[in-house]
Amino acid sequence: MNLNEIIQTYYEYFNKEKLPYIKCTNCGYVFYYPRAICPKCLSKKLSIMESKGEGEIYSETKFVNEKGQVTIIGLIRLEEGFMIYANILTNRLEDVSINKKVKVKFKEVIKGQKFPFFTTIS
Amino acid sequence: MLLGFSSRYEKVYQGSVLDLIAETVKEALDMAKLEPKDIDGVITTWLPWIFDGTLAIGFPENYISEYLGIRPRFTDLVQYGGASAVEMFYRAYKAVKSGEADRVLCVIGGKGTLMKKQLREGGLERLSEVEVLNILRNNPFDEFIRVYQDMDPISFYAMVAARHSKLYGTTDEQRALLAVQQRYNANSNERALFRGPLTVKDVINSRVVSTPLHLLEITYPIDGVLAFIVGKGTSQLRSMDIISYGDAVWPEFFAERDVDIVYTPTIESAKKIDFNLNKIDAFEIYDAFTIMVLTELEDLGLTEKGKIGKFVEENDLTIKGNIPVNTGGGSLNMGQPAYMSGIIILEEAFLQFNNMAKGHQVNGADYILVNGLGGWNTHATTLVIGEKR
Ligand SMILES: [Zn+2]
């Protein structure tokens, strides 16, 4: 697959509420941000995989956005070993801190296109 | 080697950036007793919006050379973000050493305040989010990053601060103490934008912009330009040499880094420094945020990773102290010209070395370490300057 095909596949996964990631079948490296080539070994033998969507907060920060809402942005380390930079959506701010468990939650942010977000696990 | 320099910093500059550039370059040339025709090298940097709110310029080196009537035989465009000023100085030095050019003019800065204005009021609103995204891309995965709400780049450094606290127990008070010590220096610097008494409590009580960072831990964007000339021959300035240097580039998006985000590329650039840090008389350390200075001081090797909180408590980092850091008050108190604090720390090194730091001069500033750090911890340039040996 070329890059545009991979990006298209990602968008399709998102709309099906599935979290994709890529595994290099040559060296085993696992990554999230879409590339048509492995950044460790330059192999094109890549498989698009589906993540369980569960992970831990690696770091996070809370701020008040332009609409006056408390917003959380963080780095999430998924169980499969890759990291995503995304918003954490929750009303339970006290549950949001480093090492706390989170799971993926999809939300339509651009018309017709969902994207992965994360939410706390009770 | 440094023949002349000049700068202009303003909270909001009303004229064109070309006016600011022309004035500072003229003053730097006057100090060096040179004319535009004597300049045969030009180095600059480019960030969107900094040249009068223009989103993109094709050839920034030509843009400046053309306006000032300079015909260079050597040009370079340094894209090290906030660290660009420091890297430009190093590249100009190398160009002169290797004979690529005899007198290199470096120009950096612009109107940082225009970006906010442009984003809020004009121009870009006519474009859709996707269009803006495609005009302005910082990495190949922008559409998978910018879809989220953040306070870029504050969010990244806030996450670094949060993680540093989680891993090592670094407190808000310890970060605040650094801001207080830099303010002490600013109080002796008549050019500082922010002056007046400041306590740890004041910093802690200032608004939390993005947890855990407070307003008084973050630089204020201003307009400004630094121009300097590096070249052969002598001038009224003290003979200066780059005694040791190192740089490092971490191109990865921070979510894909193999190293923990509490490390900066200074950990690599500093490894190339062959100079005893005990002999450094002043440290000019990139300070867009308090946490940057703290992590840089660790990565330079002044203390172990994770021990910086205790280090700032046990040492005096002011101009009267044992380890003077950001002797003019740093960018935290001078403001951040066009998003690049490297401008402030590099000029402060020039001032200290030439005994020109009016009111905030460190006695016997013979060896100065300058550490530039580019946005999201992507670029680091570490220099030790001193007299030719
Ligand atoms: Zn591979």
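This is a predicted model: local features need pLDDT of at least 70, side-chain atom pairs count only at pLDDT 80 or more; totals for chains, interfaces and linings use all residues.
1. Start with the zinc ion. Its protein donors are the SG atoms of A:C24, A:C27, A:C38 and A:C41, and they lie 2.2 to 2.4 Å from the metal. The angles among these four donor atoms run from 100 to 116°, and the site is tetrahedral.

2. Now look at where those donors fall along the chain. Their spacing reads C-x2-C-x10-C-x2-C. A:C24 belongs to strand β1 (residues 19-24) of chain A, while A:C38 sits in the loop between β2 (30-31) and β3 (46-51), so this pair ties together parts that are 14 residues apart in sequence.

3. Are A:C24 and A:C38 buried or exposed? A:C24 has a relative accessibility of 1%, so it counts as buried. A:C38 is buried too, with a relative accessible area of 0%.

4. Next, how much area do the two chains bury between them? The figure is about 2700 Å², and 62% of it is on carbon and sulfur atoms. Chain A brings 32 residues to the contact and chain B brings 26. On the chain A side, have a look at three tyrosines: A:Y33, A:Y58 and A:Y85 lose the most area to chain B, and together they make up 26% of what that side buries.

5. Two salt bridges are counted between chain A and chain B. You can find a salt bridge where the side chains of A:R35 and B:E256 meet, at 2.7 Å from N to O.

6. Which elements of chain A give two or more residues to the side that touches chain B? They are α1 (3-15), β4 (54-64), β5 (70-78), β6 (83-87), β7 (101-110) and β8 (113-120). Of these, β4(A) gives the most, with six residues.

7. Finally, one residue in chain B to click on: B:E87. You will find B:E87 in helix α3 (residues 84-98) of chain B. With a relative accessible area of 1%, B:E87 is buried, since the cut-off for that is under 20%. Setting aside neighbours within four places in sequence, B:E87 is in contact with B:V78, B:Y80, B:D247 and B:T381.

Technical notes: Residues are numbered from 1 along each chain as its sequence is written. Chains are lettered from A and ligands numbered from 1 in the order in which they are written. Side-chain values use heavy atoms; hydrogens and water are left out. Donors are N, O and S atoms within 2.8 Å of the metal (3.2 Å for Na, K and Ca); water is not among the atoms, so sites may look incomplete. Four donors count as tetrahedral if all angles lie between 85 and 135 degrees; four count as square planar and six as octahedral if opposite donors are over 155 degrees apart and all others between 65 and 115; anything else is irregular. Helices (H or I, at least four residues) and strands (E, at least two) are DSSP runs, numbered from the N terminus. Buried means under 20% relative accessible area, exposed over 50%, partly exposed in between (1.4 Å probe, protein chains only). Contact means heavy atoms within 4.5 Å. Buried area is the accessible area (1.4 Å probe) that two parts lose on being put together, summed over both. A salt bridge is a side-chain nitrogen of Lys or Arg within 4 Å of a carboxyl oxygen of Asp or Glu.
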